[in-house]
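Biologist: I am new to this structure and would like to be guided through it. May I put some questions to you once it is shown?

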Amino acid sequence: MSAVIKARHLILAHFWSAFVVFFAAILLGEWQMVVRSPMHAWVDLPEHYYRAVTGHGTAMAYVFPTLVAMGFGYSIVELALKQALIGLRWAWFAFGLLAVGALMAVATVAAGGASVLYTFYPPLVGSPFYYIGVVMVVVGSWIWVGLMAVNLHAWRKANPGLPVPLAMYAATAGALLWAWTAVGAALEILLQILPVALGFKDRIDAGLARVLFSWTLHAIVYFWLFPTYIAYYVIVPRAIGGRLYSDVMARLAFVLFLVFSMPIGVHHLFMDPEVGAGFKYVHSVFTGMVAIPTLLTVFTICASVEIAARLRGGHGLVGWLRALPWNNPVMLAVTFSFVMLGLGGAGGLINMSYPLDSTIHNTQWVTGHFHLIFAGAIVIMYFIIAYDLWPHLTGGALRNFTMIRLQLWLWFIGTLVMTLPWHVAGLLGMPRRMAYFDYSNPTIAPEAWTVTAAALGGAMMVASVVLFLWVLYRAQRGRRMVLTAYRFSVPVHPVLVVPAPLNGFAVWVALMVGLTIANYGVPIFHLLSLKTSVPAVFSRE
Amino acid sequence: MSEDAPARIGFKATLVVIAVGAFAFTMGFYILPSNGAGATDTIWQRMCRAAGFTRTSPGSASALASPVFTSVIVPKDLYVGGTAEQIGHGATLALRCAVCHGAQGVSGGDAPDLAAQHPEVIYKELLDYQRGARTGGVMNAMAASLSADNIVDLADYYASLPPENAVLMSMNAPALVRVGDPMRNIAPCGSCHGTVDHKKGAPSLNGQPYTYLNAQLRAFASGVRRNDANADMRSVARGLSDADTVLVAKYYAGTPR
C-alpha cells in the first residue's frame, strides 16, 4: 500500500475541524479566566460569562474529542487493518451531520438561546436548536461507531482466526463504550428536555434528568481518554525506539475500561439526596475499580519505556532513565501526560470517595481536577497523535522539533499553572461556575491570586495551541517527504494467538450492560415511581 | 497459552466483577445501613432506605399523600428586592399573619419566624399552601385568598425585616450541620440552610422555634409533608434518628437569626 493514507481528506477534515473548534473554545476559556480575575473589572453581564462557559464546554466535551476519536479511528482502520475504509460516503455524511449539528448548537449558544452549560442542568431549558445540534453530533458519532464495527467485521471475514490488531481492537472498544454511554444523555434530551424545549410540556423531572446525565457524564471521560491510551500503547513504544511490553495486558486494560467506566456515574451525585446512599457507595466502589486498567497501563507503558532505554544502552536500577530520548517530542509528551494523570488521578481519589467528596463538592477543585485530566493528560497525547499521523496524512514533513518541544512544554507548564491553584482555591471553598468574585471582601481576597494564576496558565496554553496549529500548517504546506510505511508498536513477544475473549467484545459488552442495569436500574425506577417534576425555567434572551 | 485459556479469561473476569458487585452491594445495602440511626428498622427497610426509597412509614404516606406536587417558579424580580410600595403593601397584608408570626415577623411562639427569611422561600411556601402541595393548620385557608401580587409583596416585606446579628458557623455546631453524614445520605444541613452556605430556595433556619423545626423534620420523615422536589428533604429526614432530629432542631433554634 502507499504510505499516504487513502482516506486522508476525510481524516484531515476531522482533525482540522477538531483543532479549529479547540482553538476557538480555548480562547473562550481564557477570556473567562481573565474577566473574573482581579486583572479585569467584573463582567458587565453574567449572562455573557455563562454563554462563554456553555460554548467552551459544548465544544470541548462533545465536538473536539469526538472529532479526534473519529479521525483517529478511521486512520487506524487503514493503517492497522491495511484495508480501504468501507463506507467512505457514510463517513462523510456523519462528518456533515456532526459539523451542522455543532454549528447549530454553538450558534444558538452564541445568540443567547441556551446558556444552560454543557451539562444541561434541567429544569433550566434553552432553545431546542441547541439540543437538536448536540443530538446531531451524537448521531454523527454513532455512524462512526457503526463504521468501526463494519470495517472490523469485513477484516475478520477476510482474515479468519487472526488476532485483531491491537490498535483496531482498542479503537473499537472505545467506539462501543461511546455508543452505550451516550444513551443516558440521549434519553435525557429526547424524553425529558426536548419535549419541554419544543413547548409540548412545561415540567421536567430534574432529579431523573440528573441521574440519566450521570450515566453519560463519567464514561464520556473515558471516551475522551481512549485515543490517549491507544497512543500510549501503539505509538509511544515505537516512536521512542522500544517494544510494547505486553499486547494482552493492553487488551485487558481496554476491555476493563469498557466494563468499569459505565456503572460509576453516580459519584457525580454524591450530594443529591434523591439517590440512595447504598447506590452512592456501590458507584464509589466501582469508581475505584477503574483505577485497575489505568494502573495496568502505567505499568505496561513504563515497562515499554524501560525496554526502549535498555535497547539504547541504559543500565542500572534507575540509571536507564538517562538513556531515554528526551529530545523526542513523544517521550516528552508521554512523560508530561503521566505526571498530569498521576496528579489528576490522586485528586480524583478525593472526588470519588463518598465521604471525602463533600469537602470539595461543587468547588473549584473539581474544575481543577477535570482540566488536569482532560486538558492535561488527554489532550497532550492528541497533539502527539496529530504529529505522528501528519506526514502520512499530508505528505509533508514535521521539521521544526524545537518548536514542537516548546509547544509541549508550554502546554504542560500552562496546565499546571492553571489547575494546581484551582485545587487550592477549591480547598479554600471557592465555588465553581461563578461569573465574578468580590475581591474587596476580606474573606475572598486571599483566593484572588489563584484566578490570576489560572489566567496566566491559560495564556500559556493559548500560546501553545497557536504553535501547534502553526506547526501543522507549516508541515502541510512545506516540503514533501519520502514516506516509509506507517508502523504501530511491536510487542516484545509476537502476537500469534490471542485468547478469544480478548479478540472479541461479547463478554465485556455483556458485563458493561449488566453492570449498568444493576447500578442504574433501581435509581431510575425509583425516580420514575416518585413521579415528581418541577416547572421548567427557560434560559433565553 | 494453553488450549482452554480463552474461555477462562472471560469467565474469571466475570467472576471478579460479580465478586466486586457482591461486596459493594452487601456493604452498601446491608452492613453500612445497619450502623447508626434507624437500628430498629427491619433489614428490608434499611435496604429500601439505602436504595433511596423514602416511603416506608406504614400507612402514613399513602393515606396522606397529596395529589398535588410542588410547582413553583420564583420570579427573577424577587431576588432584587421589592420597591418601597410593595414592601408597604406587604406590611399591610401581614397584619393578618401577625397573630401567629409576630408583629415584626418574630413569632415568639411555635410558628416559624419570617423576619429576614429569603423571599423565594416565603413565595414558594405560600403558593404550595394555596395549591395544596403543603398542608398544615390554618395556612391553607390563609393562603387561599392571596393574589399573585399579594404573595410577592408579602415575600418582599418579610425579607426586608432586619435579621439579628448574623453569626458565622461555630465549630460547636453538631457534625450533622457542619459535615453531614454521607453514609446515611445526609448532606450537611448548613450547606443549604446556612450557616456554611445558602442554596437558593432553602429556608434560613437560624432562630426558628424548636417545636416548628422538630415537627417539620418529622413530617418530612413520615411523608406527611411532601412539597420537596424529588423527595430531597424526605430522604434526608428519614435518615435522622430521634436524637438527631432533636439535636439539629435545638441547634438551629438556639442560633441567632
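## Questions on a predicted model

Modeller: Let us begin with a charge above a ring: Arg238(A) lies over the face of Tyr486(A), at 5.1 Å from the ring centre. Please bear in mind that this is a predicted model.

Biologist: Over the ring of which residue does the charged end of Arg251(A) sit?

Modeller: The charged end of Arg251(A) is 5.2 Å from the centre of the ring in question. A charge is counted as sitting over a ring only within 6 Å of the ring centre. The ring belongs to Tyr169(A).

Biologist: How is the aromatic pair of Phe15(A) and Phe19(A) classed?

Modeller: Both residues lie in helix H1 (residues 8–35) of chain A, 4 residues apart, about one turn of the helix. Phe15(A) is buried, with a relative accessible area of 1%, and Phe19(A) is buried at 0%. Over all chains the count comes to 50 aromatic pairs. In this one the ring centres are 6.0 Å apart with 15° between the planes, and since planes under 30 degrees apart count that way, the pair is stacked.

Biologist: How is the aromatic pair of Phe437(A) and Tyr439(A) classed?

Modeller: Both Phe437(A) and Tyr439(A) are buried. Their ring centres are 6.0 Å apart, with 50° between the planes.

Biologist: Which residues outside its sequence neighbourhood are in contact with Phe15(A)?

Modeller: Phe15(A) belongs to one aromatic cluster, whose members include Trp16(A), Phe19(A), Phe64(A), Trp390(A) and Phe468(A). When neighbours within four places in sequence are left aside, the residues in contact with Phe15(A) are Val68(A), Gly71(A), Phe72(A), Ser75(A), Ile385(A), Leu389(A), Trp390(A) and Leu393(A).

Biologist: Is Thr450(A) buried or exposed?

Modeller: Thr450(A) lies in helix H16 (residues 448–477) of chain A. Beyond four places in sequence, Thr450(A) is in contact with Pro421(A), Ala425(A) and Met430(A). Its relative accessibility is 0%, and because a residue under 20% counts as such, Thr450(A) is buried.

Biologist: What distance separates the C-alpha atoms of Phe538(A) and Arg8(A)?

Modeller: Phe538(A) is found in strand S4 (residues 537–538) of chain A and is partly exposed, with a relative accessible area of 40%. Not counting residues up to four places away in sequence, Phe538(A) touches Val125(A) and Val196(A). Phe538(A) and Arg8(A) are 530 residues apart along the chain, and their C-alpha atoms are separated by 43 Å.

Biologist: How many disulfides does the structure hold?

Modeller: A disulfide is a covalent bond between the sulfur atoms of two cysteines. Over all chains, the number of disulfides is 0.

Biologist: Which cysteine has the sulfur nearest to that of Cys100(B)?

Modeller: Cys100(B) is partly exposed, with a relative accessible area of 43%. Cys100(B) is in no disulfide, because a disulfide needs sulfur atoms within 2.5 Å and the nearest cysteine sulfur is 8.9 Å away. That sulfur belongs to Cys97(B).

Biologist: How far from Cys189(B) is the nearest cysteine sulfur, and what is the distance?

Modeller: Cys189(B) is buried, with a relative accessible area of 17%. Cys189(B) is in no disulfide, and the nearest cysteine sulfur is that of Cys192(B). The distance is 9.1 Å.

Biologist: What distance separates the centres of domain 1 and domain 2 of chain B?

Modeller: The domain assignment of chain B gives domain 1 (76–160) and domain 2 (175–253). The contact takes 16 residues from domain 1 of chain B and 15 residues from domain 2 of chain B. Taken over C-alpha atoms, the centres are separated by 21 Å.

Biologist: How many helices does chain B have?

Modeller: Buried residues make up 46% of the 257 residues in chain B. Chain B has 0 strands, and its number of helices is 13.

Technical notes:
Residues numbered from 1 in each chain as written. Chains lettered and ligands numbered in written order. Predicted model: local features only at pLDDT ≥ 70, side-chain atom pairs only at ≥ 80, totals over all residues. Heavy atoms only, no water. Contact = heavy atoms within 4.5 Å. Phe/Tyr/Trp six-rings, centres within 6.5 Å; stacked < 30°, edge-to-face > 60°. Helix = DSSP H or I, 4+ residues; strand = E, 2+ residues; numbered from the N terminus. Buried < 20%, exposed > 50% of the residue type's maximum accessible area, 1.4 Å probe, protein only. Lys NZ or Arg CZ within 6 Å of the ring centre and 35° of its normal. Domains from an automatic or database assignment.
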